[in-house]
Amino acid sequence: MNPSPSHILSGKHVALCVCGGISAYKAAELLRLLKKAGAAVSVAMTPGAQRFITPLTFEALSGRPVYSEIFEGEGTGRMEHIRSAEQADLLIVAPATANTLARMAQGLADDPVCILYSAYCGPVMVAPAMNDNMWRHPALQDNLKTLRSRGVAVVEPDTGELACGSVGPGRLPEPEVLLQAISERLLRKADFAGKRVLVTAGPTCEPLDPVRYITNRSSGKMGYAIAQNAAERGAEVTLVSGPTHLPAPQGVRLLSCMRVAEMRDLVMRNLPDADVLVMTAAVGDFAPEIIEKEKIKKQGEAPLVLNLAPTPDILKEVSALAERPLLVGFAAESENLLQAAQEKFERKRLDLMVANDISAPGIGFQSDDNQVTLISRDREPVELPRMSKLEIAGRILDRVLELSA
Ligand code: CTP
């Protein structure tokens with residue numbers, strides 16, 4: 001049985017961001033429930049929210065100053081209060097209007113809620129509430145997709161009678177439901193505490209000469225999502241990455257490399273400290289036998305012949321060790337997905353294999369979404385629906401926890 005909200009929330013600090021909607025009054029009740037469960041609550045409000053409910057209400061309920069003006073000066077103690085909200089264990093925007101969600105997705109920072117969200121580095125939840133047509137609008141759905149791809153958890157609105165008179169999705173869930181969602185998010189946050197996770201990501205690059213190299217297609221997004229999710233859940237994360245355009249996720253130790261041999265050395269060096277190794281990297285299978293010191297020149301019409309030697313198989317090497325961490329491999333296949341992935345799962349003696357079909361349209365390499373099947377020894381392959389790479393990362397790490405229990 002899950003622990004009660006007061007078990008989880010006691011001593012925690014929640015940043016509650018309120019936007020201008022009819023359901024803003026429910027945020028006051030949510031604040032009351034959070035306080036009752038033992039949490040400290042800092043409130044930020046958009047100007048719109050203040051037309052529905054006054055900062056004074058939240059100030060009285062939270063016992064703290066409310067962040068309601070962006071140009072509040074030093075000396076009032078308020079700047080300090082805003083800094084402290086940035087250190088909260090979780091930030092929730094409830095109700096989240098279509099306008100604020102758009103501005104969060106765009107990175108605007110011109111009201112207290114958007115400023116706090118931009119400066120905040122911990123787990124973020126949004127609870128949208130609006131008219132049902134606004135909820136269905138492609139622009140709103142695109143903004144939610146962007147936010148989800150950055151790790152923001154969306155609490156789905158309830159369906160029912162809306163303030164505008166129509167019936168459909170768009171109601172802010174009841175404060176008790178929001179309290180439960182916050183508790184679950186905070187609980188999930190800690191389930192990798194004390195675990196050390198080593199992740200590889202991105203492509204490897206094998207130079208031919210000073211200007212050319214052989215590489216594999218890989219954006220690195222899947223590996224960075226795993227590193228981010230593990231760090232959010234309290235793990236100590238080391239990310240060994242080939243060249244990508246991605247920033248290191250918050251709280252993750254990033255070690256950069258180019259060649260397979262460098263990636264192998266970094267993995268081996270960090271392995272003794274790892275409980276889990278997740279190999280998402282698209283490791284090159286071949287490297288030029290010779291790296292030319294000078295740029296290779298064209299020889300008229302003559303073809304260039306390269307001798308490529310196999311690279312070390314990092315996963316296979318690790319799986320042969322007497323003391324090995326839990327091993328997760330990835331198989332990107334263009335045909336016979338399950339059969340090929342199953343074969344690699346056995347050959348590399350893995351604990352978990354994540355298989356994805358790279359021939360499927362709209363997913364894979366550069367995409368924010370993917371569709372994968374999880375293969376492990378203890379159960380039939382589990383085919384997950386298409387979802388964001390961050391959500392997939394969450395599912396993979398859920399399985400890792402089950403397998404290491
Ligand atoms: N891998 C590895 N070292 C290599 C190649 C791959 O550790 N030299 C890892 C990858 O990171 C991935 C898994 O092994 O987690 C499967 O990679 P894949 O390239 O699909 O497997 P290969 O054994 O290289 O098989 P293929 O012949 O299909 O390339």
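Student: Does E174 count as buried, partly exposed or exposed, and what is the relative accessibility?

Tutor: Keep in mind that this is a predicted model. E174 has 33% relative accessibility, so E174 counts as partly exposed.

Student: Which residue does E174 meet in a salt bridge?

Tutor: The partner is K26, at 3.3 Å from N to O. K26 is buried, at 7% relative accessible area.

Student: Where do K26 and E174 lie in the chain?

Tutor: K26 sits in helix 2 (residues 24-36). E174 is in the loop between strand 7 (167-171) and helix 10 (175-189). The two are 148 residues apart, so this pair links distant parts of the chain.

Student: How many salt bridges does the structure hold?

Tutor: The count is 26. Take R103 and D110 as another case: their side chains meet at 2.6 Å, N to O.

Student: Are R103 and D110 buried or partly exposed?

Tutor: R103 is buried, with 15% relative accessibility. The cut-off for buried is under 20%. D110 is at 43% and counts as partly exposed.

Student: What is the accessibility of E343 and of R347?

Tutor: E343 is partly exposed at 39% relative accessibility. R347 is partly exposed as well, with a relative accessible area of 37%.

Student: Which residues do salt bridges with shared partners join into one network?

Tutor: D378, R379, R399 and E402. Look for them together in the model.

Student: Now the cysteines. What is a disulfide, in general?

Tutor: A disulfide is a covalent bond between the sulfur atoms of two cysteines.

Student: How many disulfides does this structure hold?

Tutor: It holds 0. C114 is in none, and the nearest cysteine sulfur, that of C19, is 7.5 Å away. The cut-off for a disulfide is 2.5 Å between sulfurs. C114 is buried, at 0% relative accessibility.

Student: Which cysteine sulfur is nearest to that of C121, and how far away is it?

Tutor: That of C17, 14 Å away. C121 is in no disulfide. C121 is partly exposed, with a relative accessible area of 46%.

Terms used
Residues numbered from 1 in each chain as written. Predicted model: local features only at pLDDT ≥ 70, side-chain atom pairs only at ≥ 80, totals over all residues. Heavy atoms only, no water. Buried < 20%, exposed > 50% of the residue type's maximum accessible area, 1.4 Å probe, protein only. Salt bridge = Lys/Arg side-chain N within 4 Å of Asp/Glu carboxyl O. Helix = DSSP H or I, 4+ residues; strand = E, 2+ residues; numbered from the N terminus.
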